[in-house]
Amino acid sequence: MDVKLLSFPADCPPLSVIVAAKIAGITSPADSSLPSGSAPTFLFSSGLKLHGTSVLLRYIGRVANIPNFYGQNAYESSQIDEWLEYAPILSSGSAFESACSYVDKYLERCTFLVGHSLSVADVAVWSGLAGTGQRWESLRKSKKYPNLQRWFNSLLAEYCVDLDDVLTTYVGKRGGKSSGAKLKDQQGLSQKTNSVSQDTSDKGKQGSRPTFEVDLPNAEFGKVRLRFAPEPSGYLHIGHSKAALLNQYFAQRYNGEVIIRFDDTNPAKESNEFVENLLKDIETLGIKYETVTYTSDYFPQLMEMAENLIRQGKAYVDDTPREQMQKERMEGIESKHRSNSPEENLRLWKEMILGTEKGLLCCLRGKLDMQDPNKSLRDPVYYRCNPIPHHRIGSKYKIYPTYDFCCPFVDSIEGITHALRSSEYHDRNAQYYRIQEDMGLRKVHIYEFSRLNLVYTLLSKRKLLWFVQNGKVDGWDDPRFPTVQGIVRRGLKIEALIQFILEQGASKNLNLMEWDKLWTINKKIIDPVCPRHTAVVEERRVLFTLDNGPEKPFVRVIPKHKKYEAAGEKSTTFTKGILIDQVDAQCIKVDEEITLMDWGNAIVKRIEKDQDGYVTQMSGILHLEGSVKTTKLKATWLPDINELVTLSLMEFDYLITKKKLDEGEDFLDALNPCTKKETVALGDSNMRNLKRGDILQLERKGYFRCDVPYVRPSKPIVLFAIPDGRQQACLK
């Protein structure tokens, strides 16, 4: 059965179908006379037809005499299907760059989108880029997406004969965009470039991500080893995310590697729950790491190093009370034990190891410089006694090293070349280097970046723990929390978080960032693809009777997203009685013509109100021939039927009322008394199919993430409101 004719609208040629057919050697006449908005169509010699870009691409993939053009197994075919559903986002203006960023990252380690050879997935995405003409050319020339550029150029060179013809014919005629020949010339493709993989040799020279115009000091390509070292005393939050992503960025840029190390030296705060969830969050961020280590793995070596320093007179045991010790450090007063002999210090060190009554009063301090203007060098504490069992190794130890002591040691012996630290540690950098020097270890370079601070946000794990322990939130994944799990549960896409953080780069300037920018990026990602549904607030909802409405309800299938076919379809019931929001009813006047979304116009003839001025019911007539351009109100509505679902719409506010707490200010004095608001609503019956984590738009109400899907009629679907970047109003 041969393809007899390919038909499509002249204003929207299906570039991917034409390209795939060319490459596959499927020849057929083209008819561009279909009405605007029509789906491209294959007419077969038998008279049968197929419709839709994705459907036609799948057909070509199945019949083409090209190995694995539609995947070599069911899994690869399904991966290709995913890309075919994703490709249309490239034609959605606001989401174009975020889509480019996503595909660029995906291609970091791939030659093709699926498997190890060309497939219709490559054709669909390539055609989506080429079809935007000048917009993609400008981005390509900027070298903002090097992996995407490499892949695009190589396909263009590999199939230049077929692609040049298609681009010249179709892209060159759309709004003055460049022809295929011009596209090739501007990309500077040489005759030698004849495969996708050939360009990967330049990857190391150019880096695999847009650069921040900063370099790691003394970094050697292929030899950089970095570590992301969270303490397992809480869940990963947005501030940690910046550190994790910057480590990955530099590792990729220098063709190096990242390890994950848990800095588990404080058993009072740490647990296996936090370890497991930190690893989960690291995976969510897409961090590719070489291995996972624990500082506790090095406790024997750390104790041996401590004893060596004691013997060398570079450390001493001190039983000065903590408050007095802090005061002496601030004033540069030496401890009375600073001049103890190594033998006396070793004796007290043994007391500490055994956790005796005397040992519990002591700590081990480094003997650095009590007169140094940098107070971090004034004999910092190296070890403290702590009889609490450790979450990994139980009660084996009664003493634990401080971060200041173990970090320079473990960094050096694990082969870390560069330690990325936020600038809040700046004054302790000299201490880090001095301790490494006293230990006689290889020097590790420190690279500083600015800590990520956000308005109305607490990032201290101690303070976040207070909210959890005092029941102010529902857990570490509460949508009001700045944890990765919290903001994802609220509806943030990880792509948006990555873009937000990498846009800031590795700057050392301290900034207080607005959440609005992050949520604006998120909206650009979700808006072009999320399905649309309808809801009406339950309280004081208004029955609007259409006198000339359908006597018998009828159902019409319409797209969930008018500009994104892959969002699917929904069934809408049209009835004589419909429900609208009270807030809309309050805006309507008698004899006013309004538009009922996805139906048409109606004229309101009667409005009834109660003694408090609330509308109780309305009636009117359909006026479907009316123009939607002439109406002020475009109202959402639901049919008055039993199949509607109950919704719990949850809105959230910041946990504190101040943009930034002043130095020394207690966060308890700035607690927001109202951080959560629930609105009960009715939703269209299609929402029964929502799954947990699905993102949708309730038309004219905003974006939401499904937290609890439909279970039974008596239990509501719980939807979390997703901020869209506009200024947030306080909840009341």
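Helices (H or I, at least four residues) and strands (E, at least two residues) are taken here as DSSP runs, numbered from the N terminus. The structure is a predicted model, in which local features need pLDDT of at least 70 and side-chain atom pairs count only at pLDDT 80 or more, while totals for chains, interfaces and linings use all residues. Residues are numbered from 1 along each chain as its sequence is written, and side-chain values use heavy atoms, with hydrogens and water left out.

## Two loop residues

Thr402 is placed in the loop between strand S11 (399–401) and helix H16 (403–413). Burial is assigned by relative accessible area: under 20% is buried, over 50% is exposed, and values in between are partly exposed (1.4 Å probe, protein chains only). Thr402, at 16% relative accessibility, counts as buried. Contact means heavy atoms within 4.5 Å. With neighbours within four places in sequence left aside, Thr402 is in contact with Val381, Tyr382 and Tyr383.

Ile89 belongs to the loop between helix H3 (74–86) and helix H4 (96–106). Its relative accessibility is 4%, so Ile89 counts as buried. Not counting residues up to four places away in sequence, Ile89 touches Ala95, Ala99, Ile525, Pro528 and Val529. From Leu5, Ile89 is 84 residues away in sequence and 27 Å away in space, C-alpha to C-alpha.

## Helix H1

In helix H1 (residues 15–24), nine of the ten residues are buried, so the helix is largely enclosed by the rest of the structure. The buried residues of H1 are Leu15, Ser16, Val17, Ile18, Val19, Ala20, Ala21, Ile23 and Ala24. They pack against strand S1 (3–9), strand S3 (41–44), helix H2 (53–63), helix H5 (120–130) and helix H8 (160–171).

## Nonpolar cores

A nonpolar core is a set of buried Ala, Val, Leu, Ile, Met, Phe, Trp, Tyr and Cys residues joined through side-chain atoms within 4.5 Å. The largest such core has 57 residues, of which Phe42, Leu113, Trp126, Leu129, Leu148 and Trp151 touch the most other members. Beyond its neighbours within four places in sequence, Leu129 is in contact with Leu90, Phe96, Cys100, Trp136, Leu148, Trp151 and Phe152. Another core, of 52 residues, lies apart from it and has Leu245, Phe250, Ile487 and Met513 among its members.

Strands count as paired if DSSP finds at least two bridges between them. Three strands form an open sheet in the order S5-S6-S7, with parallel pairing. Strand S5 (225–228) and strand S7 (292–294) stand at the edges with a single partner strand each, so one side of each is left without a neighbour in the sheet. On average, neighbouring strands of this sheet are turned by 35° against each other, direction ignored. Axes are lines fitted to C-alpha atoms, for helices over the stretch in contact, and angles run from 0 to 180 degrees between N-to-C directions.

S5 and strand S6 (residues 257–262) pair in the parallel sense over four bridges. The bridge partner in S6 of Arg225 is Glu257, and that of Leu226 is Val258. Helix H12 (residues 272–284) packs on the sheet and touches S5, S6 and S7, its direction making about 160° with that of S6. Five of the six residues of S6 are buried, so this strand is largely enclosed by the rest of the structure.

## Aromatic pairs and charges over rings

Rings of Phe, Tyr and Trp (its six-membered ring) pair if their centres lie within 6.5 Å; planes under 30 degrees apart count as stacked, over 60 as edge-to-face and the rest as tilted. By this rule the count comes to 33 aromatic pairs. Two of the pairs are tabulated here.

| Pair | Centre to centre | Angle between planes | Class |
|---|---|---|---|
| Trp476 and Phe481 | 5.9 Å | 65° | edge-to-face |
| Phe652 and Phe720 | 5.0 Å | 85° | edge-to-face |

Phe652 lies in strand S27 (residues 645–652) and Phe720 in strand S31 (residues 717–722), so their pair ties together parts that are 68 residues apart in sequence. Both Phe652 and Phe720 are buried. Trp476 counts as buried at 6% relative accessibility, as does Phe481 at 1%. One aromatic cluster is formed by Tyr235, Phe274, Trp466, Phe467, Trp476, Phe481 and Phe667.

A charge sits over a ring if NZ of Lys or CZ of Arg is within 6 Å of the ring centre and within 35 degrees of the ring normal. The charged end of Arg392 is placed over the ring of Tyr294, 3.7 Å from its centre. Arg688 has its charged end over the ring of Tyr710, 5.0 Å from the ring centre.
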